[in-house]
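Keep the sequence and the structure in view while reading.

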Amino acid sequence: MNRRVLLGAAILLMAAACGGGETPAPTLATEPPLDQPTEPPAQEGYQGGTVSDGGTISGTISYSGEIVGPIEVEVDKDNEICGDTIELSPIVRDGAGGLRDAVVRITDISSGKPLSVLGTEFVLDQKNCVYSPSVLIVPVGSAMTVLNSDGILHNVHTTPFDNAPLNVAQPGTQPEITSDPFTFPEVIPVSCDVHSWMNANVLAVDNPYAVLTGSDGSFILTEVPAGTYTVEIWHSELGIQTMEVTVEAGGTATINAEF
Ligand SMILES: [Cu+2]
């Protein structure tokens, strides 16, 4: 190898080391460190705290349409636990028309009482091959515990859009499983792949102003900071109604809505 070739190779090596001829900027010891955040900025979300002079939203949700059912489903497996028939009542109301198991919730509130007022444990039980409760409200950040009180195989299957799905066999020997924590507010259907009639809904909510109507269709949301809000009324079979409600400090706003 002659001298000329060696020189050429040295120039090529230098060019490669310098990234094609660009000279890297020198790093000075006195240079201040770059102010780069190592964690993503805090997400904008609901702020829970003390509510002073809050108001109340209360009322009754009713249903005036036709009642379908109860629907009798013939049980074709696990009869010793599930029975021979299951009665499904998708819409339940009392004699005055009060609609049970509707969810009344504020959808656009950014601060108020803490999320923890919804509870600390959110449990869906499987008992005699029926989910209990049929509607479960869970705050985002919390998980759902699914119990198997039956001691037979169930397969818990959720079908969310935005949250992590759950699709897991729960044999009789496994009395309890836990979902991932919910991260987005949405309605999440739950079903069992073993027993086709088993259905429930989880309502993941991002604020604590969400409540199920009682057997007479009544509900109450307390400690609502004064303001104007969008209230959504959801029922698994009847859909959604929304309305605007203004709550005065210390006052009561009434919602009497009908499906
Ligand atoms: Cu099942």
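## A sheet of three strands

Strands E17, E2 and E20 form an open sheet in the order E17-E2-E20, and the pairing is mixed. The edge strands, each pairing on one side only, are E17 (218–224) and E20 (252–258). On average, neighbouring strands of this sheet are turned by 15° against each other, direction ignored. This is a predicted model, in which local features need pLDDT of at least 70, side-chain atom pairs count only at pLDDT 80 or more, and totals for chains, interfaces and linings use all residues. Residues are numbered from 1 along each chain as its sequence is written.

Some terms need explaining. Strands (E, at least two residues) and helices (H or I, at least four residues) are DSSP runs, numbered from the N terminus. Two strands pair if DSSP finds at least two bridges between them. For the angles, axes are lines fitted to C-alpha atoms, for helices over the stretch in contact, and angles run from 0 to 180 degrees between N-to-C directions. Strands of a sheet pair through backbone hydrogen bonds, either parallel or antiparallel.

## The two pairings of E2

How many bridges join E2 to E20? Seven bridges join strand E2 (residues 55–62) to E20, and the two run parallel. Along this pairing, serine 58 stands opposite threonine 254 in E20, and serine 62 has glutamate 258 in E20 as its bridge partner.

E2 is joined to E17 by five bridges, and these two strands run antiparallel. Here glycine 55 has valine 224 in E17 as its bridge partner.

## A sheet of four strands

Another open sheet has four strands in the order E16-E5-E18-E19, with antiparallel pairing. Its edge strands are E16 (210–212) and E19 (239–247), each of which pairs on one side only. From one strand to the next, the twist averages 20°.

Within this sheet, strand E5 (residues 103–106) pairs with strand E18 (residues 227–235) over four bridges, in the antiparallel sense. Valine 104 stands opposite isoleucine 233 in E18.

## Proline 70 in its loop

Proline 70 lies in the loop between E2 and strand E3 (71–74).
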